[in-house]
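The structure comes first, then the notes.

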Amino acid sequence: MKKLLILGAGTAGTIMANKLDQHLLRDEWQITIVDQDETHIYQPGLLFIPFDIYTRNDVIKAKRDYIPQGVELIMSGIELIEPEKNRVKLSNNKILSYDYLIIATGTRTQPGETEGLMGDGWYKNIFDFYTLAGACNLQKFLKHWQGGRLVLNIVEMPIKCPVAPLEFLFLADWYFTEKGIRDKVDLTFVTPLPGAFTKPKAADILGDFLDQKNINLIAEFNTGSVDSAANKLVSFDGREVEYDLLVTIPTNMGDASIERSGLGDELNYVPTHKHTLRSKAHENIFVIGDATDLPSSKAGSVAHFQADVLTENILLAIEGLPLQEGFDGHANCFIESGFGKGLLIDFNYDVEPLPGKYPLPGIGPFSLLQETKANHWGKMMFRWMYWNLLLRGSELPIEAQMNMAGKMR
Amino acid sequence: MPVREIAGVQVDFDDEGFMTNPDQWNEDIAKVLAEEEGISELTEGHWKVINFIREDFKEKGQPPTIRRMNKVGGIPTKDLYEWFPKGPAKKAARIAGLGKPQGCV
């Protein structure tokens with residue numbers, strides 16, 4: 001029996017397990033997938049928890065229920081990947097050998113990377129919302145908050161789902177308006193980037209979006225430390241931003257096992273060929289989703305498009321054929337903009353988000369870079385698609401490669 | 001797209017003054033762009049940063065973050081802020097002939 005090993009049963013790993021189970025012959029291949037958590041979190045849903053739109057139970061399901069029967073699931077952490085020996089040591093001391101390895105270990109927030117962030121204010125008036133615990137604790141806090149200065153801070157780039165911080169602010173604008181305390185809440189966005197919208201077309205079209213919603217912007221702020229006692233952020237060049245409530249997107253990093261195995265860059269992301277998804281260092285290792293070092297967005301839609309390309313390339317590699325350079329950096333994201341509306345962006349490595357229409361057989365078209373109710377419903381409907389179609393590796397009516405149809409330059 | 005002649009070379013820029021074609025870059029252009037950023041003389045330290053940024057861009061296809069300049073380029077964050085005051089990532093990228101650091105939208 002030949003062995004294909006997948007590390008990580010998040011969005012990317014689970015889709016790959018399902019797709020490969022459909023393609024590899026069971027009497028020739030043993031597929032194994034390893035993960036340390038029993039619970040699969042629908043991560044796009046975390047955004048909605050602080051605002052009482054989703055609850056904890058709306059975003060979690062058992063990972064086991066999404067792994068096909070023919071695939072072996074092992075619950076364990078990963079100790080060490082040993083590419084020279086084609087094997088992986090697990091935290092439970094088991095050793096797994098492989099013919100092909102898929103690294104899908106994702107990315108996580110690391111608040112400990114920033115001095116003072118996890119000090120006295122942590123989960124008192126400092127919260128993250130990229131974790132289930134953070135989102136749930138923030139929901140409880142917001143319920144009774146009477147207002148003040150809410151600072152939303154991106155510590156450093158790159159982060160998972162780069163539009164989620166903006167969505168959080170737009171929803172906060174709506175949430176406090178509904179509560180009747182918007183006039184008592186100052187919303188401030190603090191980012192290391194030069195602006196809220198940095199791509200030319202998006203900046204052109206959405207440039208005054210923050211002003212319209214009365215959200216302040218502090219750009220090019222690289223967070224050096226947090227002073228919990230004085231409730232302020234301090235940048236590397238000594239600028240200070242005071243807050244009453246800090247909602248932070250901490251530094252994102254790849255899995256520690258990547259670092260231990262010497263396979264990662266400065267953020268534990270694995271150097272990956274940008275079009276084939278093969279690891280740059282090892283012929284029989286492939287990388288997918290947030291675990292890669294690619295300049296594509298760290299998002300579920302990207303993992304989904306990559307999975308189509310990677311499935312084909314694994315099959316080609318097994319046959320000894322040249323790989324397809326099929327991944328173009330395609331990402332597709334609904335952006336919740338508050339008050340029951342949303343935006344949609346669709347882009348790749350070479351084409352920035354453009355305005356126009358996004359055709360989707362049977363459901364669309366959706367409007368690109370434009371606030372509509374349909375985009376909001378697209379986003380809400382997506383949760384069903386995620387659990388029922390996407391994770392199970394079903395064919396969706398969306399091509400892996402970006403399409404120019406409907407887009408306007 | 002604005003085109004300017006610098007040191008005898010026709011150089012393409014975007015509307016915010018960032019070069020759009022890194023291949024047009026040379027050291028004389030860097031000196032002119034640095035002056036526009038308020039840096040009158042490029043020292044050895046500046047060049048270390050600029051050279052790292054250009055090398056790294058060839059590999060990664062985007063300008064490096066401050067963490068990457070620190071961890072991979074071996075350039076202390078304190079020095080970066082001293083050499084390129086206020087916005088080192090953006091300023092150094094501009095002088096190195098690259099686009100500004102971008103998000104996805």
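Chain A and chain B bury about 2100 Å² between them, with 55% of that area on carbon and sulfur atoms; buried area is the accessible area (1.4 Å probe) that two parts lose on being put together, summed over both. A:Thr198, A:Glu220 and A:Glu266 supply 25% of what chain A buries against chain B, more than any other three residues. This is a predicted model, in which local features need pLDDT of at least 70 and side-chain atom pairs count only at pLDDT 80 or more, while totals for chains, interfaces and linings use all residues. Residues are numbered from 1 along each chain as its sequence is written, chains are lettered from A and ligands numbered from 1 in the order in which they are written, and side-chain values use heavy atoms, with hydrogens and water left out.

**Interface of chain A and chain B**

- In the interface, 30 residues of chain A are in contact with 20 residues of chain B (contact: heavy atoms within 4.5 Å).
- Eleven residue pairs, both residues at pLDDT 80 or more, are in polar contact between the two chains (a pair of N or O atoms within 3.5 Å; within protein, one must be able to donate a hydrogen and the other to accept it, and residues adjacent in sequence count only if both atoms are side-chain atoms).
- On the side of chain A that touches chain B, helix H4 (200-206) and strand S22 (341-347) each supply at least two residues (helices, H or I, of at least four residues and strands, E, of at least two are DSSP runs, numbered from the N terminus).
- That side of chain A divides into 17 nonpolar, four polar and nine charged residues (Ala, Val, Leu, Ile, Met, Phe, Trp, Tyr, Cys and Pro count as nonpolar, Asp, Glu, Lys and Arg as charged, and the others, Gly among them, as polar).

**Salt bridges**

- The whole structure has 29 salt bridges over all chains, and six are found across the interface of chain A and chain B (a side-chain nitrogen of Lys or Arg within 4 Å of a carboxyl oxygen of Asp or Glu).
- A:Lys160 and A:Asp290 form a salt bridge at 3.4 Å, N to O. A:Lys160 lies in the loop between strand S12 (148-154) and H3 of chain A, and A:Asp290 in the loop between strand S20 (285-287) and helix H7 (300-318), so the pair ties together parts 130 residues apart in sequence.
- Both A:Lys160 and A:Asp290 are buried (under 20% relative accessible area; exposed is over 50%, partly exposed in between, with a 1.4 Å probe and protein chains only).
- The closest N and O atoms of B:Lys90 and A:Glu220 are 3.0 Å apart in a salt bridge.
- B:Lys90 is partly exposed, at 26% relative accessibility.
- B:Lys100 and B:Glu16 form a salt bridge at 2.9 Å, N to O.
- A network of salt bridges links B:Arg4, B:Glu36, B:Glu37 and B:Arg94.

**Chain A as a whole**

- Chain A has eight helices and 24 strands.
- Its radius of gyration, taken over C-alpha atoms, is 21 Å, close to the 22 Å that the globule rule gives for 409 residues, so chain A is as compact as a globular protein of that length. The globule rule is 2.2 Å times the number of residues to the power 0.38.
- Buried residues make up 60% of the 409 residues in chain A.

**A:Leu169**

- A:Leu169 is found in helix H3 (residues 164-178) of chain A and is buried, at a relative accessible area of 0%.
- Beyond its neighbours within four places in sequence, A:Leu169 is in contact with A:Leu152, A:Leu187, A:Thr188, A:Phe189 and A:Ile215.
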